[in-house]
Amino acid sequence: MAAPSGSGKSTIINGIMADGDLNLGFAVSATTRPPRPGEIDGVNYYFLSEDAFREAISEGEFLEYEEVYPGRYYGTLRSEIERITGQGHNIILDLDVNGALGVKQIYGDEALTVFIEPPSLEELRRRLEFRGTETPEVIDVRIDRAAYELSRAPQFDRRIVNDNLETSIRQAHNLISAFIEGGKID
């Protein structure tokens, strides 16, 4: 699943995971950004220094990674995929746009890509401001990035506009359920 920052992607994933009926394991991403208040290493993210992240890249430890913002890397460790599949679970990933499309390129029809869209860039800005975790300058960068990410949305298997959280969770749940059951979606 991918979305611009502040679109509700993590909240939707948490809603799907809370149902517990899809045999999903959540792959914890690695990042170089500092933890936000209340975030726990290994639960919310694997928080790595930029040097450690770059070393993991050079060692081929990532399924996918991206420098989403200057000096801010995000990626999925291969060890996370092995951990989840080793437990017999299907995997749900919280990815940036390029990472999601890269995973789709690797796994083809074995992967479902879902893009979560905000109702508008204005609403996205409002959500980011309400979250209160970034400066106005960082929000401007995120909005610019969001415009780019929205241009890539047509490359995804499915798109969900998150204008109502409960509806979006239900739509995403139903898409994933249909994909797991039949490997294809209508």
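Analyst: Two residues are in contact here when heavy atoms lie within 4.5 Å. Helices (H or I, at least four residues) and strands (E, at least two) are DSSP runs, numbered from the N terminus. The model is predicted, with local features needing pLDDT of at least 70 and side-chain atom pairs pLDDT 80 or more, while totals for chains, interfaces and linings use all residues. Residues are numbered from 1 along each chain as its sequence is written, and side-chain values use heavy atoms, with hydrogens and water left out.

Start with helix α5, residues 121–131, and helix α6, residues 136–152. On the α5 side, Leu121, Leu124, Arg125, Leu128 and Glu129 take part in the contact, and they meet Ile139, Asp140, Arg142, Ile143, Ala146, Ala147 and Leu150 of α6. The axes of α5 and α6 are 10 Å apart and the angle is about 140 degrees; axes are lines fitted to C-alpha atoms, for helices over the stretch in contact, with angles from 0 to 180 degrees between N-to-C directions.

Helix α6 also packs against helix α4, residues 97–107, at an angle of about 25 degrees and with the axes 10 Å apart. From α4, the contact uses Val97, Asn98 and Leu101, and from α6 it uses Arg145, Tyr148, Glu149 and Arg152. By class, the contact of α4 with α6 has three nonpolar residues, one polar residue and three charged residues.

A further pair is helix α1 (residues 9–19) with helix α7 (residues 165–182), whose axes come within 9 Å and cross at roughly 60 degrees. Thr11, Ile12, Gly15, Ile16 and Asp19 of α1 touch Leu165, Ser168, Ile169, Ala172, His173 and Ile176 of α7. Six residues in the contact of α1 with α7 are nonpolar, four are polar and one is charged.

Now the pockets. A pocket is an open set of points on a 1 Å grid over the protein atoms alone, where a 1.4 Å probe fits and protein lies on both sides within 12 Å along at least five of seven lines; lining residues have an atom within 4 Å of a point.

The largest pocket has a volume of about 970 Å³, the space filled by probe spheres set on the points. It is lined by 37 residues, of which Lys9, Ser10, Tyr45, Asp94 and Arg131 are the closest to its centre. At least two lining residues each come from α1, β4 (62–69), β5 (72–77), α5 and α6. Helix α1 supplies the largest share of this lining, six residues. By class, the lining of the largest pocket holds 12 nonpolar, 13 polar and 12 charged residues.

The second largest pocket holds about 580 Å³ of space. Ile91, Glu110, Ala111, Leu112 and Phe179 are the closest to its centre among the 23 residues that line it. Here α3 (78–86), β6 (90–93), α4 and α7 each give at least two lining residues, and β6 gives the most, with four. The lining of the second largest pocket divides into 19 nonpolar, three polar and one charged.

Helices α5 and α6 pack together, and each supplies at least two lining residues of the largest pocket. Helix α4 packs with α6, and α4 supplies at least two lining residues of the second largest pocket.

Notes. Nonpolar A, V, L, I, M, F, W, Y, C, P; charged D, E, K, R; others polar.
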